[in-house]
Amino acid sequence: EARPEIGDADYDALYRELEALEREHPEWVTADSPTQRVGGAPLASFRQVRHDPPMMSLDKTHSRGDLVDFDTFLRRQLPDEVWDYVVEPKVDGVAFSLLYEKGVLIRAATRGNGEIGDDITANVKTIRSVPLSLPGAPDLLEVRGEVYMTRSGFAELNRREEEAGREPFMNPRNAAAGSLKQLDPREVARRPLDAVIYAAGSIKGAAFPTHGGMLKQFADWGFKTPPWQRLCVDLPAVLAAIDELETLRHSFPFEIDGAVVKVNRRDIYDRLGSTAKSPRWARAFKYEPERAETRIWKITVQVGRTGVLTPVAELDPVVLAGSEIARATLHNADEIARKDIRIGDRVWVVKAGDVIPAIESVLTDKRDGTETVFAMPETCPVCGGPVARLGDEVAQRCTNPACPAQRVGRLEHFASRDALDIRAIGGKVAEALVAQEWVKDPLDLFSLSLPQLEAFRIGDEATGSRKFGKNAQTALEALEAAKALPLDRWLFATGIPNIGVTVAEQIASAHARFSELPNSPILTAVLRLGELYDQAASENPRSTLNRPKDDAEREERQTRFNRVCGEIGVLGDTLVAAGVATKTPGTALPPLYSSVIKTEAAKSALAFFASDYGKGYLERLRALGIDPQAKPKSVPAADAPLAGVTFVLTGTLSQPRPEFAARIKAAGGTVQEAVSKNTRYLVAGAEAGTSKISKARSLGTTVLDEAGLLALLAGTSVPAPAPQSAAQPVKQAKAKASTEPYRQQELF
């Protein structure tokens, strides 16, 4: 998942310990030891690529003495040769390769396990610094380097992740790795990725006597190469270059975590050879991570554009990586609890990606008893509205839709593609509309005229403002088209908690128009059904957990239980008739109904329309003459490939999930938000969370990958799941994965 559980320094220490153990006990060395392979496995979601020659990693060191040993070893191997060294920054990114035939890019691949990687050509083509063609290049050229994320781009990406209620990335390298694993190149194109080239693989039609000369030719062909290089005649010059680079490490636009020392003469590489995993002609020297000790004197809470509450540590100012640090994000309440962070603690502060200040750890041995435990506020610190944790999110949100801190986010959501698709109203425009008080609520958009929008200015004097201009007509045309969009799109655009695209479609399927929703008997029935099942459980006279005290109580409870079961039957049948629930056959008491509209969604919808804001929202729609209608119902043929089959989609698929959901529905299937006993298939894409997979397996639900779903859509048999997915518990599988060696960098 590109989210390592420990830092690089800790991993390297464990790796060195393992190396020492295996030197002392060669009989303990196994084929799957991290020292015997590069590490990492290709994703099943991508086509696999075999590297020839293999992409090897560099042996790493933190000691200048080890570099002396490295130089001594080389000179013993080739006592009659003379060479110099090249020192470069060790870019902290994701190793990859580019293959060109007759000057045209035909393939990009990750390193994978060194022998086999993943074909990521479509994703890499979105990186503008990667040339698609090389005039004058040899017939065959494979170059290798690193995909990275700039520090500024990383900071902006994490801001968006936190606003969306997702876990932020730990550092730019992890963010780059996660980006390359996306199956949708359009999503990759929105990530601030760049690439640097520093090595070669297979070459036919050219030769490079020196490493420095090769990099110069790469630059002439249009590649980005390491922006800082030093040619060093001997080891003392190498050590001086390493020290110089360390003083400059924070001046680069990307993160570096060390220096790479390479023999400059490429003609002696074959003679020096390699180990099973690393070339002998290069070493990576890693710098110690920078950190500073300080004290948390206060924890404040910020409210993001979508209502996410983010705790922030207010620190005694300390200088770190060339700048004064006085604040550090704590991300969410779970992170505070995991690290046991308290007000008054002495802590180690680091810069994630040398950009974002973060608390690395607490110095618990320096506690004196005056520290206090922090609790997240129960109400929004901006508007005083209620705070809640929604679904599986780690974030807590202000649930007041009118909260000023949420207005920009609501406007962006309202105009997004899956909502009303109001072109030209993106992030910067939304921010400006709200900041200049042109729009206090998304429905204000429908009151804007063409002259107003044409004169509207984006930006400010500091950043340079510009008129909205010709985009005004585009926006107005989209607003006019939005009035005719169906009920489900408008319900999703309204931004009610717990109502995503699929739930909006489910609710819309049981209603004729938007104005029915505030007094919906269907939503009321769903909410009441959940309450009745809870009541039936407490009243059941046969309960083994709550046995009646005597016969009299048993009889009273039986009467109440029968009444509750009768009401469940009436409401359940109503929901079945509306097409939003199914009944389990049999004579169980209470009767078993499963609604596709979950209790949380019904509760959120009814609470929204009962609120002052919701009432005002509905009145404004009426005044605008907008009452969105439900889409005409299409009844799938009985012989449709997926007639009556229920799915849940999770993880990243090769196309946006709504597109796959539409294909499933067109084939007669049903798509739910959450796994239940009525779910037939869970389709798990890349980076799927373990919670849904665990629940699916516990309920006997079949877990498919995208290939399995496509087979079902085509009406063919489903590929059998991998044996481990059926036999190995998720927790065990995850624990095993966490012991895999962490991806090492600077590969060749």
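**Notebook: aromatic pairs and a helix packing**

I started with Phe 446, which counts as buried because its relative accessibility is 15%, below the 20% cut-off. I note that the model is predicted.

*Entry 1, the chain as a whole.* I looked up the overall make-up next. The chain has 748 residues, and buried residues make up 50% of them. I found 25 helices and 28 strands in the chain. Of the contacts with a separation of 6 or more, 68% are between residues 24 or more positions apart.

I then took up the pair of Phe 414 and Phe 446. Their ring centres are 6.4 Å apart and their planes stand at 90°, so I wrote the pair down as edge-to-face. An angle over 60 degrees is what that label needs. Phe 414 belongs to helix 11 (residues 407–415), whereas Phe 446 is in the loop between helix 12 (427–435) and helix 13 (450–455). The pair links distant parts of the chain, 32 residues apart. I checked burial for the two residues, and both Phe 414 and Phe 446 are buried.

Why is the pair of Phe 446 and Trp 490 called stacked? The planes of the two rings are at 25°, with the centres 6.0 Å apart, so the pair is stacked; the cut-off for that is under 30 degrees. Trp 490 is in helix 15 (residues 487–493) and Phe 446 in the loop between helix 12 and helix 13, so the pair ties together parts 44 residues apart in sequence. Trp 490 has a relative accessible area of 0%, so I list Trp 490 as buried.

At Trp 83 I found a charge over the ring: the charged end of Arg 75 sits 4.6 Å from the ring centre.

Is their crossing left-handed or right-handed? I have the crossing of helix 2 and helix 8 as right-handed. From helix 2, Arg 64, Leu 67, Val 68 and Asp 71 meet Leu 235, Leu 239, Ile 242 and Asp 243 of helix 8. I sorted the residues of this contact into 5 nonpolar and 3 charged, with no polar ones.

Methods. Residues numbered from 1 in each chain as written. Predicted model: local features only at pLDDT ≥ 70, side-chain atom pairs only at ≥ 80, totals over all residues. Heavy atoms only, no water. Phe/Tyr/Trp six-rings, centres within 6.5 Å; stacked < 30°, edge-to-face > 60°. Helix = DSSP H or I, 4+ residues; strand = E, 2+ residues; numbered from the N terminus. Buried < 20%, exposed > 50% of the residue type's maximum accessible area, 1.4 Å probe, protein only. Lys NZ or Arg CZ within 6 Å of the ring centre and 35° of its normal. Left-handed = near helix turned anticlockwise from the far one by under 90°. Contact = heavy atoms within 4.5 Å. Nonpolar A, V, L, I, M, F, W, Y, C, P; charged D, E, K, R; others polar.
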